[in-house]
Amino acid sequence: LYHDMGFIACFVMPLMLGVRVAMIDPIDWLNQRSLLYEAVSRFGGTICYMPNFGFEVMSKVECSHSLASMRLWVSCSEPSYKDTLEKFCEKTGTAPSTVSTCYAMAENVFAMTMSSGLKTINKEGKWFVSCGKPIPSTMIKLIDGQIFVKSDTSITSYYNGNRICDNEGFYPTGDIGFISDEELYVEGRSADIMIQA
């Protein structure tokens with residue numbers, strides 16, 4: 001729950017909408033990965049959010065439980081990869097039409113785009129997964145390939161008061177991408193920084 005996807009999409013939103021939630025401690029899940037499939041079967045799960053690495057892990061787990069109740073599998077919070085999502089679908093018998101990719105970040109209080117089904121495109125020999133079209137009240141533009149976002153919930157300045165938005169109110173995400181058929185594809189970061197200690 002310390003991460004936006006878990007806190008906003010899997011706790012606050014269901015709480016506000018009165019939706020029942022089944023939660024699994026991440027450490028318990030890593031030690032017993034079939035817990036996810038058991039929970040879907042036991043509670044009639046309909047939507048599951050996981051980062052790409054979760055789909056990669058689950059693509060290697062035998063599934064002896066029914067996943068027929070699932071309406072949507074959402075890959076979010078890190079780059080989504082075609083090979084991983086296709087492996088997951090094949091291993092679990094999941095229809096690609098029920099796999100969605102969400103582009104989100106804390107600076108926007110989570111989601112900015114969401115795809116409808118698994119859609120990929122090949123650009124210069126590399127496969128990219130569609131993050132979908134902007135959700136309502138969200139606007140996206142590209143400046144020299146960098147993704148800029150503006151919405152009712154997006155950041156305008158940091159704690160120190162320094163405004164980070166451009167003159168139109170769009171903030172720079174630091175992500176590089178392109179748009180095809182009105183859908184956003186994220187290619188990577190303009191600069192990856194790791195803060196240690």
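A word on ground rules. This is a predicted model, so local features need pLDDT of at least 70 and side-chain atom pairs count only at pLDDT 80 or more, while totals for chains, interfaces and linings use all residues. Residues are numbered from 1 along each chain as its sequence is written, and side-chain values use heavy atoms, with hydrogens and water left out.

**Aromatic pairs**

There are seven aromatic pairs in the structure. Rings of Phe, Tyr and Trp (its six-membered ring) pair if their centres lie within 6.5 Å; planes under 30 degrees apart count as stacked, over 60 as edge-to-face and the rest as tilted.

| Pair | Centre to centre | Angle between planes | Type |
|---|---|---|---|
| Phe55 and Phe88 | 4.9 Å | 85° | edge-to-face |
| Phe128 and Phe178 | 5.7 Å | 85° | edge-to-face |

Phe55 sits in helix α4 (residues 52-58) and Phe88 in helix α5 (residues 82-92), so their pair ties together parts 33 residues apart in sequence. Helices (H or I, at least four residues) and strands (E, at least two) are DSSP runs, numbered from the N terminus. Phe128 is in strand β6 (residues 126-134) and Phe178 in strand β9 (residues 171-180), so that pair links parts 50 residues apart in sequence.

Phe55 has 0% relative accessibility and counts as buried (under 20% relative accessible area, with a 1.4 Å probe and protein chains only). Phe88, also at 0%, is buried, and so are both Phe128 and Phe178.

**Nonpolar cores**

A nonpolar core is a set of buried Ala, Val, Leu, Ile, Met, Phe, Trp, Tyr and Cys residues joined through side-chain atoms within 4.5 Å. The largest one has 18 residues, and Leu36, Tyr37, Met50, Met58 and Trp73 touch the most other members. Elements giving this core two or more residues are α3 (35-43), β1 (47-50), α4 and α5. Apart from it lies another core, of 12 residues, including Ile140, Val149, Ile155 and Tyr171.

Back to Tyr37: leaving out residues up to four places away in sequence, its contacts (heavy atoms within 4.5 Å) include Met58, Trp73, Phe88 and Thr92.

Note on methods: Buried < 20%, exposed > 50% of the residue type's maximum accessible area, 1.4 Å probe, protein only.
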